[in-house]
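Work through the exercises below with the sequence and the 3D view open. Try each task before you read its solution.

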Amino acid sequence: MKEFDFEKMPIVEIANEIIIDAVNKGASDIHFDPAKDELKIRFRIDGILSDYSIVPSKYKRNMISRIKMIAEMNIMETRLPQDGAIKSKIGDKLLDLRVSSLPTNNGEKIVIRILDYSMSLAGLDNLGFSKDAMDKINKLIKIPNGIILVTGATGTGKSTTLYSILQKLNTEDVNIITVEDPVEMDIAGINQVQTQSEIGLDFATVLRSILRQDPNIIMIGEIRDDETARIAVRASITGHLVLSSLHTNNSLNTIERLTDMDVERYLLGSSLEGIISQRLAREVCKDCRIKRPTTDYEKAIFKTVLGKEVNEMYVANKEGCANCTHGYKGRLAILEVLIINDKIKDAITNGVPKHELKELVYNGDVVTLLQDGLNKVIDGETTLEEILKIIDLENDLSSYNEDNLKSNLKLAQDVTASENKQTIQQQVITPQVETLEF
């Protein structure tokens, strides 16, 4: 861990150095965790938190106050949570940070979210999506009206994908309006509205006003309640393309969540056009990755899910190298892109049972999150260990024939046993030639 000389260095310089170090290391968040006798600082890099430094108890309050001050928060208020932002230049770094405080029994906890727009600015074609996913997304965003949803848990890159889509759609012949909480990235040529619930400017209020502003495309930061969902559906039916996000796991869960909302099924069935489900997996370092043979169970998984014989795969080098952290460097998106066809639309409208809807969703041409993840493992972009962290393997494998999985596992074991037997026979049959010296 890094050590600072708090006796000699001003707290202002130490706070600046912490933030700059986090930006340089590619961290997404900085945590200031209060303990009884210290303040622990941790960085979240590639989705994993790791210790960075310790602030002695004597300087704990000064550090928290400094962060709150530059985030324009009330340093005197320590009993209530607060939100702030840092938009300034420290050294040669232009910073755009979101800051939040939370009172705990050991003092205030501060978390700084570092907003990195480099991926969004790079454009949709540079996000590293597979060709199949890109083809489907490009097809979806050409639809003149309807709803396209980007789904996933917090921190899975939904905003990056949405902003990248907006930039591709942002041409002079369209009027794009967004309603967000908060506005994370300013895009020239797009009208962006930030909600302020304390004065009654919530998603529903803004959306009703947006519809009178002659929009072609509407982006809703997140569908959070039934009322927002109803307005979004009606906006799409009246000739608008609506983009939004939702906290759900996959395409099937998204449809189920929407049908549970107070939205007329016949309207939802006719308006929903596509679902982009997203996860982020750590990318294996290509400088130090290690290739090893797959186990019987791993072979069975690849065979069952992809129908492929995979005898070798890359794993992370836990020791790492100068260019990575424990064998990983950066993250990549694992996607499931579903284009809603007429059969699925009818199923939504008619309210078919879950098992029938599941058959319609996953028996088409959709590449599931598990399939996309395993394909990226085969390509050496990530590891099976990472995929198992972000995808419920047991639940996803239940979609496949259990007898098929058992058959593939037995086949993999038989092949391994046969190869081992052949190797032993060769060792027994092959004579050992000794070189004799006279």
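**Exercise 1. Find the ring that lies under Arg-289, and give the distance to the ring centre.**

Solution. Start with the rule: a charge sits over a ring if NZ of Lys or CZ of Arg is within 6 Å of the ring centre and within 35 degrees of the ring normal. Next, go to Arg-289: it lies over the face of Tyr-314, 3.9 Å from the ring centre. Then turn to Arg-282. Its charged end sits over the ring of Tyr-328, at 4.0 Å from the centre.

A note on the model: it is predicted, so local features need pLDDT of at least 70 and side-chain atom pairs pLDDT 80 or more, while totals for chains, interfaces and linings use all residues. Residues are numbered from 1 along each chain as its sequence is written, and side-chain values use heavy atoms, leaving out hydrogens and water.

**Exercise 2. Describe the aromatic pairs of Phe-4 with Phe-6 and with Tyr-52.**

Solution. A pair of aromatic rings is described by the distance of the centres and the angle of the planes. Rings of Phe, Tyr and Trp (its six-membered ring) pair if their centres lie within 6.5 Å; planes under 30 degrees apart are stacked, over 60 edge-to-face, and the rest tilted.

- Count: the structure holds four aromatic pairs.
- Phe-4 with Tyr-52: the centres are 6.3 Å apart with 55° between the planes, a tilted pair.
- Helices (H or I, at least four residues) and strands (E, at least two) are DSSP runs, numbered from the N terminus.
- Cluster: ring pairs link Phe-4, Phe-6, Phe-43, Tyr-52 and Tyr-59.

**Exercise 3. Is Tyr-52 buried or exposed?**

Solution. Buried means under 20% relative accessible area, exposed over 50%, and partly exposed in between (1.4 Å probe, protein chains only). Tyr-52 has 6%, so it is buried. Phe-4, at 11%, is buried too. Now compare with Ile-20, in helix α1. Its value is 23%, so Ile-20 is partly exposed.

**Exercise 4. Which residues line the largest cavity?**

Solution. On a 1 Å grid over the protein atoms alone, a cavity is a set of points where a 1.4 Å probe fits but cannot get out; lining residues have an atom within 4 Å of a point. The search finds one cavity of 30 Å³ or more. The volume of the largest cavity is about 50 Å³. Its lining is Ile-147, Leu-149, Ile-223, Ala-229, Ala-232, Val-233, Leu-258, Leu-268 and Leu-272. Helix α7 gives the most, three residues. Sort the lining by type: nine are nonpolar, none polar and none charged.

Note on methods
1 Å grid on protein atoms, 1.4 Å probe; cavity = no way out; pocket = protein on both sides within 12 Å on 5 of 7 lines; lining within 4 Å. Points joined across faces, edges and corners; volume = space filled by probe spheres on them. Nonpolar A, V, L, I, M, F, W, Y, C, P; charged D, E, K, R; others polar.
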